[in-house]
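I opened this notebook to keep track of what I looked up, entry by entry. I begin with the terms and then turn to the places where I used them.

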Amino acid sequence: MLRPGSIIDVVRAHAQHRPDETAYSFLASGKSGFGITRQLSYGELDSTAAAIASTLLNSREPGDRVLVACPPGPEFLASFLGSLYAGLIPVPAPLPSGSKGQQARVNGMMTSSGAAAVLTDEQSFDEVRDWAAGSASRDVICLTAESAARRGSRDGSPSAVDPDALAFLQYTSGSTSDPRGVMVSHANLVENLALIKRSYGVPDGARIGGWLPPYHDMGLMGTLLLPLLIGGQTFVMTPSAFLRRPGLWLEMIDSHDVVFSPAPNFAYDLCVRRVSAERVAALDLSRWRWAVNGAEPVHDSTVRTFVEHFAPAGLRPEAVCPSYGMAETTLFVSGSPGSSAPVVSRVDGEQFERHRFTPAGESQEARLVVSSGPVSDGFDLRIVDPRSLRELADGEIGEIWLRGPSVAQGYWGLEEESERSFRAHTADGAGPFLRTGDLGVRHEGQLYVTGRIKEVLILNGRNVYPQDIEREAREQHPACADGVGAAFTVTVAGGGERVVLVQELRLRDSGETALRDVARRVMAGLSASLGVPVGNVVFVKPGGVLRSTSGKVQRVAMRRLFEEAALSPVLEELDERVRRAFRPDPVG
């Protein structure tokens with residue numbers, strides 16, 4: 001059977017052959033507890049998308065961009081597919097509400113994409129309409145998915161699709177005032193979804209579910225669109241429901257026989273901390289075959305403690321699947337297949353800091369590094385020295401370069417950056433490749449992702465990864481255990497580098513003496529355990545550390561806020577040189 005040219009072909013085929021089978025289920029808390037509140041069959045999804053497409057084409061032309069700013073729910077999926085049916089370019093986006101950072105992100109997406117329409121749901125319409133009227137520099141229509149579905153014809157056929165044509169713009173998770181819209185073609189999407197299915201062995205008709213926002217690549221492709229490719233059913237809950245009660249995610253997996261569910265590393269940590277042993281005993285997770293852990297570095301301690309904590313619920317060690325991907329590759333690059341326990345390598349810590357992946361001897365102090373799975377057959381993957389552009393051998397840490405049918409077309413409206421990032425060549429002329437900006441290494445057929453180039457801290461000739469400092473900080477004091485941290489360096493007089501840790505804190509005794517005692521204990525513990533002098537800690541309230549939509553810590557933004565004294569700290573404990581550089585006494 002030939003591979004379909006687009007996801008539209010797939011949905012239309014399911015609607016024709018299995019119109020009454022459920023495609024989508026939305027879960028929320030109601031009078032009878034937490035459960036399914038709304039559903040769409042394949043036939044309903046197809047006809048609703050066709051009606052939305054019909055309404056859009058009354059006032060807009062194929063190729064126009066449509067900002068899909070719906071909260072999690074059936075309206076988002078119907079609006080996204082409706083835009084595709086019309087030949088318009090959907091731009092998944094969060095609601096333009098909440099924090100200033102989120103508002104700036106959506107404003108940037110609107111400006112960057114040149115969206116000619118905004119689709120939202122009825123509950124959010126007034127807010128979104130007012131925002132669109134104030135943010136757009138030209139005539140932009142604002143519609144609800146519900147009204148567009150009521151007004152449009154459900155009998156039309158989708159526009160003809162060129163597989164190589166642009167399907168949608170996926171804005172990278174860290175984008176704010178300077179957003180980057182990844183141009184994903186119809187072929188990119190179908191190829192990557194098929195690669196996910198093949199790499200994990202997900203069967204046709206499987207049940208998939210999650211809580212990630214639909215405007216994030218893992219939420220969109222890994223939770224909403226993958227089930228459509230395989231003719232399965234997706235179960236969706238809101239991110240806010242998960243953050244309030246992480247156990248609801250696991251209840252959903254248990255109650256609805258979900259076999260595939262992705263989430264970032266922090267979500268697995270949160271479940272360990274917030275789901276009690278009593279609640280674990282009431283769960284059955286034995287049918288969860290692919291607990292996909294991606295979107296940020298995967299830690300050995302997370303994998304180990306999650307498996308141990310939920311083993312009484314029947315969770316199998318091989319079900320935890322560390323993975324790697326990004327919007328620029330549509331989503332997926334590699335992942336542990338779920339047929340065996342994740343691969344964890346013991347490597348020499350000193351050599352690792354010198355960008356060498358050297359197995360540690362039994363008597364050596366080892367660093368445990370989690371594999372992101374076998375190098376996928378869907379990509380030509382090279383490890384390249386980011387400075388010399390020389391291809392590196394197995395065992396050497398360098399930048400991950402990729403090419404293959406899942407690699408997107410570039411960044412919307414950013415030709416120079418697209419040229420640098422998507423059309424790179426190695427020193428010997430091989431290419432073009434996507435430069436991911438991620439550091440990694442190949443070892444015995446496995447891909448290990450070690451960090452981001454721009455975020456590695458170079459201290460006294462050592463390469464120190466910020467996520468190691470952040471994780472260690474959470475283990476230094478109970479008040480830090482449930483919070484997020486951001487580690488970075490700042491430059492002081494004379495060109496020296498100093499480590500700064502901004503850490504969310506939960507402490508009952510918030511007096512200055514108690515806070516300074518915690519700060520000093522954390523700094524001493526970090527300096528001793530990491531062998532890196534950490535003399536600057538800034539405590540902020542929960543939520544004070546900026547994160548992307550997938551939970552990635554935005555370290556560059558946090559460094560800027562620190563340097564601009566814009567963090568609203570609970571306490572700052574800074575060494576003298578950092579204080580002089582960034583907190584000078586005000587002129588009297």
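I call a residue buried when its relative accessible area is under 20%, exposed when it is over 50%, and partly exposed in between, with a 1.4 Å probe and protein chains only. I kept in mind that this is a predicted model, in which local features need pLDDT of at least 70 and side-chain atom pairs count only at pLDDT 80 or more, while totals for chains, interfaces and linings use all residues. Residues are numbered from 1 along each chain as its sequence is written, and side-chain values use heavy atoms, with hydrogens and water left out.

**Entry: Trp249**

I looked up Trp249 and found that it counts as buried, because its relative accessibility is 0%. I took contact to mean heavy atoms within 4.5 Å; leaving aside neighbours within four places in sequence, Trp249 touches residues including Trp211, Met237, Phe242, Cys271 and Trp288.

**Entry: aromatic pairs**

Rings of Phe, Tyr and Trp (its six-membered ring) pair if their centres lie within 6.5 Å, and planes under 30 degrees apart count as stacked, over 60 as edge-to-face and the rest as tilted. My search of the whole structure gave 19 aromatic pairs. For Phe80 and Phe168 the ring centres are 5.4 Å apart and the planes stand at 70°, so I noted the pair as edge-to-face. Helices (H or I, at least four residues) and strands (E, at least two) are DSSP runs, numbered from the N terminus; by these, Phe80 is in helix H3 and Phe168 in strand E7, 88 residues apart. Phe168 counts as buried, because its relative accessibility is 0%. I then noted that Trp211 and Trp249 are also an edge-to-face pair, with 6.4 Å centre to centre and 80° between the planes. This pair links distant parts of the chain, since Trp211 is in the loop between strand E9 and H8 while Trp249 is in helix H10. Ring pairs join both of them into a cluster whose members include Phe242, Trp288 and Phe310.

**Entry: helix H1**

In H1, which covers residues 7-17, I found Ile7, Ile8, Val10, Val11, His14 and Ala15 buried. They cover an arc of only 160° around the axis (taken from the directions from the axis to the C-beta atoms), which puts them on the same side of H1. The face turned away from that side carries the exposed residues Gln16 and His17. The buried residues pack against helices H2, H3, H7 and H8.

**Entry: Ser59**

I placed Ser59 in the loop between H2 and strand E3, and at 36% relative accessibility it counts as partly exposed.
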